[in-house]
Amino acid sequence: MSPAPQTHIEVPRIAEPLLPRLRAQNRPLIVILGITAFMAGLFLLMTLMSFRAVDSWQTELAGTASVQIIPDATKSRDAQLEHAIELIQAQISDVKITSLSETDARELLSPWLGNVQLPADIPIPLLITLEVKSLTLVDWEGLEATLKTDGLDAHIDTHQNWAERAKKQVRTLRFALTLLLSLTLLTGFMISIFSTRSNLAMHSRIINVLNQVGAGNGYIARLFITRFFTLGLIAGVIGVTVALLFALLFQLTVNVGSGIGADLFGDFKLATQDVIWLGGLSLAYALICAVTAGGTAYNQLAQWQRRE
C-alpha cells in the first residue's frame, strides 16, 4: 500500500513595510510627540472652558444688582433691612429681591478670613440682591440717593465694572492660551522635521536601493507621510486622552473643594463637544506630522541628489 501523497500548504507571508517599523527606536519619539499633544490638548480645553465660563458669568450677572448697606449699630438690623426693601419696592415696580442673613454674609467672608471670628463690634453689611428685566431701565443713582436720604449707608453695584474687567482678563487669557497652543503645534512641527531627517539617515541604504529600482522622491516621501501620520495619530490620541483625564481631575477637585479657587474656577467645566474638539486636534496633529515629514523627506532627498 503506497503512502498517501503529502500536501504542502503554503502560508502566505505578511509583507514587511519598506521602512522597518523600529518599534523600540520610535518609543522616545512617540513619548515626545505625546507630551506635546498633551500640552496642546490642555491649552485647547482651557480655552474652550474659558469661553463657557465667561458666557456663564454674563448670564448670571445680566439684570442683577447688589445693594450693600452698612448697618447702624444703634438700630435693629432686621428693621433696617425691611426699610431698605420697602424703599426699593417703592421705586422699582418689577423686581425680585433676595437678602442674605448675617450668617450667610459671614460665610461669604470665610474664603478670605478662614475660621477667624470677627469681633462683635464690626458690623457685617446687609446684602440685598436685585433681579430686574433690564439694568438700563432702573435709575440706580436715584435709588442709591433715596436710600442714603432715609439714613441708610447704601452702595449699589450693577457689576458692570467687574464684568468688563473680567472680560478683558479672559480675552488676555484666551490670547495667551491660543499663543501657547500655536507654539505647541509648532514644536510638534519642528520635532517631525528633526525626526524625519534622522530617519532618512538611518534608512539611507534602503532609500538608495529604492532610487536604483526607479522609485522617485515622491514615492519615498509618501512612505514617510504614512509612517509619521501613524506615529502622530498614536501620540495625539494618547496626549489628548491624558489631557482630558487631567481636566476631569481638575474639575472634580474644584467641585468638591471650597474657597476662592472653587468660586473662581467653578464655571470652568467640561462639555461633551470638548471630546469632539480633542478628536479633531489629534487628527490635525497627525496631519501636521505627516505633511511635515513628507515635505522634509522630499526636500532632503532633492538636496542629496543635487550634491551627487
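Guide: Aspartate 274 sits in helix H9 (residues 272-307), where helices are DSSP runs of H or I with at least four residues, strands are runs of E with at least two, and both are numbered from the N terminus. The model is predicted: local features need pLDDT of at least 70, side-chain atom pairs count only at pLDDT 80 or more, and totals for chains, interfaces and linings use all residues. Residues are numbered from 1 along each chain as its sequence is written, and side-chain values use heavy atoms, with hydrogens and water left out.

Visitor: Is aspartate 274 buried or exposed?

Guide: Buried means under 20% relative accessible area, exposed over 50%, and partly exposed in between (1.4 Å probe, protein chains only). Aspartate 274 has 1% relative accessibility, so this residue counts as buried.

Visitor: Which residue has its backbone nitrogen 2.9 Å from a polar atom of the aspartate 274 side chain?

Guide: Leaving aside neighbours within four places in sequence, aspartate 274 is in contact (heavy atoms within 4.5 Å) with Leu45, Leu48, Arg52 and Lys269. The backbone nitrogen at 2.9 Å belongs to alanine 271.

Visitor: What is the relative accessible area of threonine 184?

Guide: Threonine 184 is in helix H5 (residues 160-202). Its contacts, neighbours within four places in sequence aside, are Thr36, Met39, Ala40 and Phe43. Threonine 184 is buried, and its relative accessible area is 5%.

Definitions and conventions
Polar contact = N/O pair within 3.5 Å; in protein donor to acceptor, adjacent residues only side chain to side chain.
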